[in-house]
Amino acid sequence: MNLNLFFKLIIGHAFSDFVFQSDWMAKTKNPNFRIDPRLIEPQKPQIVWPYVLIAHALVNGGIVYLITGNVWLGFFETVIHWIVDFGKCKNWYGFHIDQMIHILCKLIWSLL
């Protein structure tokens, strides 16, 4: 395993999942979150979670791509991160499992 690469990926994950993710993004990427209609009048409520979740997953995939230089690892990170966060938002598992899967992905990327 490339420990140097793994450490960079974990740092990148910390930035993309915690620093670069705003409170708004953390809430609205969840399909169960309902925006208070009083906050968006006169516009009618719209479904935004797919776009926000995709954007969040792309940030994570982009960080992996920037660190590894491998577009495929960035692509797979994006797809897996979207699926994992969707599952967490649907309450299929909690925060700890979510983070464990994300870190496991970084371990796999550093092994490849």
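Modeller: The buried residues of α4 pack against α1, α3 and α5. Contact here means heavy atoms within 4.5 Å. Helices (H or I, at least four residues) and strands (E, at least two) are DSSP runs, numbered from the N terminus. This is a predicted model: local features need pLDDT of at least 70, side-chain atom pairs count only at pLDDT 80 or more, and totals for chains, interfaces and linings use all residues. Residues are numbered from 1 along each chain as its sequence is written, and side-chain values use heavy atoms, with hydrogens and water left out.

Biologist: Which residues in α4 are buried?

Modeller: In α4 they are L73, G74, E77, T78, H81, V84, D85, F86, G87 and C89. Buried means under 20% relative accessible area, exposed over 50%, and partly exposed in between (1.4 Å probe, protein chains only).

Biologist: How does the span of α4 compare with what it should be?

Modeller: It agrees: the 19 residues of α4 should span 27 Å at 1.5 Å a residue, and the end C-alpha atoms are 27 Å apart. The expected span is 1.5 Å times one less than the number of residues.

Biologist: And α3, what does that reach?

Modeller: α3 reaches 28 Å from first C-alpha to last, with 20 residues. That is close to the 28 Å expected. Just after α3, G69 takes a positive phi of about 75°.

Biologist: What do the buried residues of α3 pack against?

Modeller: Against α1, α2 (23-28), α4 and α5. The buried set in α3 is V52, L53, H56, A57, N60, G61, I63 and V64.

Biologist: Switching to α5. Is D98 buried or exposed?

Modeller: D98, in helix α5, is buried, because its relative accessible area is 0%.

Biologist: What does D98 touch?

Modeller: V84, D85, K88 and Y93, leaving out residues up to four places away in sequence. V84 and D85 are among the buried residues of α4.

Biologist: Now the aromatics. How many aromatic pairs are there?

Modeller: Rings of Phe, Tyr and Trp (its six-membered ring) pair if their centres lie within 6.5 Å; planes under 30 degrees apart count as stacked, over 60 as edge-to-face and the rest as tilted. The count by that rule is nine. Take F15 and F20: the centres are 5.7 Å apart and the planes at 40°, so that pair is tilted. F75 and F76 are edge-to-face, at 5.5 Å centre to centre and 65° between the planes.

Biologist: Why do F75 and F76 count as partly exposed?

Modeller: F75 counts as partly exposed because its relative accessible area is 42%. F76 gets that label because it sits at 39%.

Biologist: Which residues do ring pairs link into a cluster?

Modeller: W49, W82, F86 and W92.

Biologist: What makes the nonpolar surface patch?

Modeller: F7, I11, F15, F18, V19, F20, V59 and F95, about 770 Å² together. Like charges are joined within 9 Å, nonpolar side chains (Val, Leu, Ile, Met, Phe, Trp, Tyr) within 5 Å. Areas come from the Shrake-Rupley method with a 1.4 Å probe; for residues, only the protein chains shown count as cover.

Biologist: Which helix gives the largest share?

Modeller: Helix α1 (residues 3-19), with five residues. V59 is in helix α3 (residues 49-68).

How values were computed. Patches are made of residues with over 30% relative accessible area and no salt bridge: like charges are joined within 9 Å, nonpolar side chains (Val, Leu, Ile, Met, Phe, Trp, Tyr) within 5 Å. A salt bridge is a side-chain nitrogen of Lys or Arg within 4 Å of a carboxyl oxygen of Asp or Glu.
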